Amino acid sequence: MIITRTPYRISFFGGGTDYHSWYQENGGSVLSTTISYYCNLTCSHKPPFFDSKHRIVWREIEEVNEAHEIKHPVVSAVLKHMDIKRGIEMFYQGDLPARAGLGSSSSFAVGFLNAMHSLRGNISTKQQLAAEAVYIEREILKENVGVQDQIAAAYGGFNKIDIYQDGNFDVNPVLSTNVKIDELKNNLMLFFTGVSRNATDIAKEQIKTVSSKKNELVEMQKMVQIANDIVVNGSDMNDFGKLLHESWCLKRGLTKGISSDLIDSIYKKAMGAGATGGKLLGAGGGGFMLFYVKAEHQPKVLEALSDFLWVPFDFERRGSHVAFYSPSKFSRESLVRRDFAHLKEARKSKNVQNITQFLREERNRPVERLTKFNIVE
């Protein structure tokens, strides 16, 4: 059994510059942090005593025999991409709701890849996990996604992420004092609007409008370095909140689906109660909203937004990691005993001579390990 924990993220500045349609021409930059809420996955090879080969538990309970029958798109894609032949049992538990602007889908992809490689006894670098998760989501599943969520989930921490035109990227920790980072963290308030949305539809519209919104995206990209400088060298952290407000004003004008009457109402109430600035997290449409609020104004903001759930959080530094590992109690032979008839027939071919060779091939089955993002035509 393996348990992976992969954090969710809050993106402060630069969202939108991590889409391939932008960074392949202009490069991209993002300032983000992972937070102390996780996508938790418990994975193991399924014992040989049951009728179904795979058991996948998420919002549905799936018991199937083939990877292509699995409804969860990421699970199905990863098992096929890695050519995993043995049965898999997976249980998903998320600390926060999905489709809410915290990068939950990418956290799942990173965490599941980490678990599957670990089950094979292979250690993955954070760079590999990020690049492979983008490959799964963007190129296999054809999702309209950027690349910042996968990087943040894999690496963890409070970072300035630079994405280059050739698909390479750098992750640079924000080098500030604990006092300043604590001041920033203590002045941030996170609220759940109660609205979930499909980010890929909104992202699709943003990707289409890149060429017509170049001036806005250039300004949003510049804000990444400005915000980094405020946290590292600034004398007034309140400037971070003001910059959030400027960035939100730009972002909400990128496409009509980003904001809504509800979102605008929440933002107006928070600002009227003393917030310095804020933003809707993720692609838009709903989910979580973040506000920068000085300590003396936080009670008023809580009162103004009493209809919405306040979610305290801490910054997180580990990124995706294996939290628990325990080798299977079953012998390798017993794990494939129910497939013995199939293996007996397969012995006649050159590919599988015996059970031991089958298991060795399963462990060492090649899979492409990426370290950068492919160029999208």
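## Salt bridges

R369 is partly exposed, with a relative accessibility of 26%. On this scale, buried means under 20% relative accessible area, exposed means over 50%, and partly exposed lies in between (1.4 Å probe, protein chains only). The side chain of R369 forms a salt bridge with that of E132, at 2.3 Å from N to O. E132 sits in helix 4 (residues 126–140) and R369 in the segment after helix 14 (355–364), so this pair links parts that are 237 residues apart in sequence. Helices (H or I, at least four residues) and strands (E, at least two) are DSSP runs, counted from the N terminus. E132 itself is buried, because its relative accessibility is 1%.

This is a predicted model, so local features need pLDDT of at least 70 and side-chain atom pairs count only at pLDDT 80 or more, while totals for chains, interfaces and linings use all residues. Residues are numbered from 1 along each chain as its sequence is written, and side-chain values use heavy atoms, leaving out hydrogens and water.

In all, the structure holds 13 salt bridges, each a side-chain nitrogen of Lys or Arg within 4 Å of a carboxyl oxygen of Asp or Glu. Another of them joins the side chains of K185 and D314, at 2.9 Å from N to O. K185 belongs to helix 6 (residues 178–186), and D314 to the loop between strand 11 (309–310) and strand 12 (315–316), so the pair ties together parts that are 129 residues apart in sequence. K185 is buried at 18% relative accessibility, whereas D314 is partly exposed at 34%. Salt bridges with shared partners also connect R55, E63 and E89 in one network.

E63 is partly exposed, with 46% relative accessibility. E89, in strand 5 (residues 88–94), is buried, with a relative accessible area of 15%. Beyond residues up to four places away in sequence, E89 touches T42, C43, S44, K46, P47 and R55; contact here means heavy atoms within 4.5 Å.

## Around A115

Where does A115 lie? Its place is in helix 3 (residues 104–119), and it is buried, at 0% relative accessibility. Apart from neighbours within four places in sequence, A115 is in contact with I2, T4 and C43. From C-alpha to C-alpha, A115 and T42 are 8.2 Å apart, although 73 residues separate them in sequence.

## Helix 9

Helix 9 (residues 238–251) has 14 residues and spans 20 Å from its first C-alpha to its last, close to the 20 Å expected at 1.5 Å a residue. That expected span is 1.5 Å times one less than the number of residues. Its buried residues are N238, F240, G241, L243, L244, S247, W248 and K251. As a reminder, an α-helix has 3.6 residues a turn, so residues three or four places apart point the same way.

## The whole chain

The protein chain has 14 helices and 13 strands. Of its 377 residues, 56% are buried. Among contacts with a separation of 6 or more, 75% come from residues 24 or more positions apart.

The accessible surface of the protein chain is about 16,800 Å², and 50% of it belongs to carbon and sulfur atoms. Accessible areas come from the Shrake-Rupley method with a 1.4 Å probe; for residues, only the protein chains shown count as cover.
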